[in-house]
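Opening the notebook on this one.

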Amino acid sequence: MEAPTTEQVIADRRHMARALKLADYGRFTADPNPRVGCVIVRDGREVGAGLHWKAGEVHAEVNALQAAGEAVQGATAYVTLEPCSHQGRTPPCTDALIRAGVARVVIAMLDPNPQVCGGGIDALQAAGIRVDSGVLEAEARALNPGFVQRMEQGRPWVRVKLAASLDGRTAMASGESQWITGEAARRDVQLWRARAGAIVTGSGTVVGDDPRLNVRMKPFDLAAHAGFPDDPRYHDLPTRQPLRVILDARLRTPPGSQILRDGPVWILTSPDVVGSPAADALRGKGAEVRAVPLAEESAEGGLDLGAVLTELGRAEVNELHVESGPGLAGALARGGWVDEWLIYQAPLLMGSSARPLVEWPLARMAERAELEVIDTRWVGDTLRLLARPRS
């Protein structure tokens, strides 16, 4: 097989960048499926494009092929993720590409799903289609951090959201915390909730703040705030409410809590209370109460967070959005479970008696946790930081 020319490499990267941009338009709707985009190019010109909008609907390749029509014959398909070769909620995309008569398929990354990985490429090549892979692979992986991690490690990508003052405080000593950030920052949080498969909090937050932790914006509003083009599909699709998960080892959650009103809720608790009257009362309000082992090393009798994440991985949760107090945030940090920190820092001081960002007693500088800031931006008068643990 001839190596691609410099001109071809440049063209491949340009068309794949377009496919990646399309894939991102499914940020709030495609879950639990990965975000995937596809562009069909013939004689250097785009003749069709599509993305995967919603689980259970056709994939990006089929949408792009339908847009291209007869122009697909002999064309090149650029796909951000290896086309599926197995029967899932929809038929295999490899079959659709083969039937359409494409001559070449360019793939950003292999599908980490063991049911697919490499199988899609094999099926295309067996049909005589040239396949090139690895074009903008890093960008493709970054587009679906949760899906990739769930397939490779069996657990979701954990993003912890915290709102703090300039002196790193998240609530007054009394627990009062409304509001540290302004309206613009709270609206921005809606976009992060909407992309998540589940939102997790602790029972202390439920008891103290009685939050709803739901998505309050319609898909077209989310798309507009994200800077996506206005597409009729955003107006057709309903708001997808992520699964809300309460970690509550002692079943302190009041049956009248607001969080129980909107969409599915799991309450993860210890095995010895999962069949108690308190559990039955919560089930009567629509919650699903599940048992999770207690952490052996926890002096407070907390849940095994590794088991929690495994349970959520089995439930096809890709990105896990955590909104909690410093206790749960600290426990996740101490266990090495945090993949990303989303911190909104407001221009105010709350004093030394206020509650800290995380409960994580460290005695020496050598114990400090180093973070790499990957994005900073102003949201209204609040500084938003996105940071990840340094390897």
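This is a predicted model: local features need pLDDT of at least 70, side-chain atom pairs count only at pLDDT 80 or more; totals for chains, interfaces and linings use all residues.

**Helix pair.** I started with helix α2 (residues 60–68) and helix α3 (residues 93–100), whose axes come within 9 Å and cross at roughly 20 degrees. Angles under 35 degrees count as roughly parallel, so I put α2 and α3 down as roughly parallel to each other. I also looked up the hand: the crossing of α2 and α3 is left-handed. Next I listed who makes the contact. From α2 I have E61, V62 and L65, and from α3 I have C93, A96, L97 and A100. Sorted by kind, the residues of this contact come out as six nonpolar, one charged and no polar.

**L268.** This residue sits in strand β10 (residues 265–269). Is L268 buried or exposed? Its relative accessible area is 0%, so I noted L268 as buried. I then checked L247, which is 21 residues away from L268 in sequence, yet their C-alpha atoms are 5.1 Å apart in space. Skipping neighbours within four places in sequence, I found L268 in contact with V245, I246, L247, D248, A249, R290, V292, L303 and V308.

**T181.** My last stop was the loop between β7 (169–171) and α7 (183–195), where T181 is placed. Buried means under 20% relative accessible area, and T181 has 10%, so T181 counts as buried. With neighbours within four places in sequence left aside, I wrote down A163, R186, Y344, A346 and T382 as the contacts of T181.

Note on methods
Residues are numbered from 1 along each chain as its sequence is written. Side-chain values use heavy atoms; hydrogens and water are left out. Axes are lines fitted to C-alpha atoms, for helices over the stretch in contact, and angles run from 0 to 180 degrees between N-to-C directions. Helices (H or I, at least four residues) and strands (E, at least two) are DSSP runs, numbered from the N terminus. Angles under 35 degrees count as roughly parallel, over 145 as roughly antiparallel, 65 to 115 as roughly perpendicular and the rest as oblique. A crossing is left-handed if the near helix is turned anticlockwise from the far one by less than a right angle, and right-handed if clockwise. Contact means heavy atoms within 4.5 Å. Ala, Val, Leu, Ile, Met, Phe, Trp, Tyr, Cys and Pro count as nonpolar, Asp, Glu, Lys and Arg as charged, and the others, Gly among them, as polar. Buried means under 20% relative accessible area, exposed over 50%, partly exposed in between (1.4 Å probe, protein chains only).
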